Amino acid sequence: MKPFHQTIGGTMMASLLLITTPALSAGPENMVLVPKGEFVMGSENHQDEKPHNVVLDAYHIDTYEVSNKDYKEFMKNTGHAAPAYWDDPRLNKPEQPVVGVNWYDSSAFCEWKGKRLPTEAEWERAAKGPDGHAHYPWGHELDASKANYGQTVGQTTAVDSYPEGKSGFGAYNMAGNVFEWVSDWYDPGYFNVSPAMNPQGPSTGLNFANQGQVKVLKGGSWLAPASSLHTSHRFWNQPENNSYGVGLGFRCAQAASPAGLQNVQYDFMLSLISMGQEKWQEALTSIEKALKADPKNEEYLQTQTLIMDQINKDKK
């Protein structure tokens, strides 16, 4: 192998040696990695959405809303009761999101999967994407072709529908289809006092209309208007309640394991190895995998530029 001399992210790669890397555990199936980072939580849209900077540790969140197929397996293995609307032919196809679940149902499912409900902050960062302030998962302008809302379809759609509307981190249907439970209690003033690092929500929730404390819901639904689709929008319901249940669903999250983070670094290392071997297409594939997980990493971006420059040079 020829010596490879190049400055990447400020580090001089004098030579690149073939190495044996131990096998690393794969990332969780059907989950996207949201790397550690800062974003602007909230917006100027409503008084309870005061914009503030939040830093979150790395975590994974489900790529898709939990489907009827997934929930059926949970019921079969645990004896958990069926949710409302389980027999509704508009809503019970295997690929549609499960609906009619309350907060406790959702939390129990996530625990059964070895996961948990996302915090409101985690959900919102996953929806806003790498730039940290998108008004909708796909950008800043409403696009009716990228989400199921406002009764335009008349029912839920498959959890992998609207691929053009997925967030910058790769999560589907974070606007429309179903409102999604998160772990936090809802307090309209919480954003005024929440911590900057890994906020977990208030210790108690608003006792709405004297009907009991409420939990946060995010993301709008197939029934709800366009105003509910923006990434900072906050809705709520009593945790034991599935009223408005035809539009209540969820997805799960979990902290990123060290092995999961190592996988991203491993993809970066593979790209460097391929560069040293002058296997430019292989190098490009590896660095693009690393960038998918950590899109704003300057070292990865610079490496991608070097690879593309070499590929374009070879084409001449």
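**Helix α1 and its setting**

Modeller: Start with the partner: the buried residues of α1 pack against α2, residues 103–112. This is a predicted model. Helix α1 itself covers residues 68–78, and its buried residues are Asn68, Tyr71, Phe74 and Met75. Viewed down the axis of α1, these buried residues fall within an arc of 115 degrees, so they line one face of the helix. The face turned away from that buried side carries exposed residues: Lys69, Lys72, Lys76 and Asn77. After α1 comes Gly79. Its phi is positive, near 75 degrees.

The protein has six helices and eleven strands. Its radius of gyration is 22 Å, close to the 20 Å that the globule rule gives for 316 residues, so the protein is as compact as a globular protein of that length. Along the principal axes, the C-alpha trace spans about 70 × 45 × 35 Å. Of the 316 residues, 51% count as buried. Take contacts between residues at least 6 apart in sequence: 71% of them join residues at least 24 apart.

The surface comes last. Its accessible area is about 14,800 Å², and 51% of that belongs to carbon and sulfur atoms. The protein carries 26 positive and 36 negative side chains. The centres of these two sets lie 4 Å apart.

How values were computed: Residues are numbered from 1 along each chain as its sequence is written. This is a predicted model: local features need pLDDT of at least 70, side-chain atom pairs count only at pLDDT 80 or more; totals for chains, interfaces and linings use all residues. Side-chain values use heavy atoms; hydrogens and water are left out. Buried means under 20% relative accessible area, exposed over 50%, partly exposed in between (1.4 Å probe, protein chains only). Helices (H or I, at least four residues) and strands (E, at least two) are DSSP runs, numbered from the N terminus. The arc is that of the directions from the helix axis to the C-beta atoms. Contact means heavy atoms within 4.5 Å. The radius of gyration is taken over C-alpha atoms; the globule rule is 2.2 Å times the number of residues to the power 0.38. Accessible areas come from the Shrake-Rupley method with a 1.4 Å probe; for residues, only the protein chains shown count as cover. Lys and Arg count as positive and Asp and Glu as negative; His and the chain ends are not counted. The place of a charge is taken as NZ of Lys, CZ of Arg, CG of Asp or CD of Glu.
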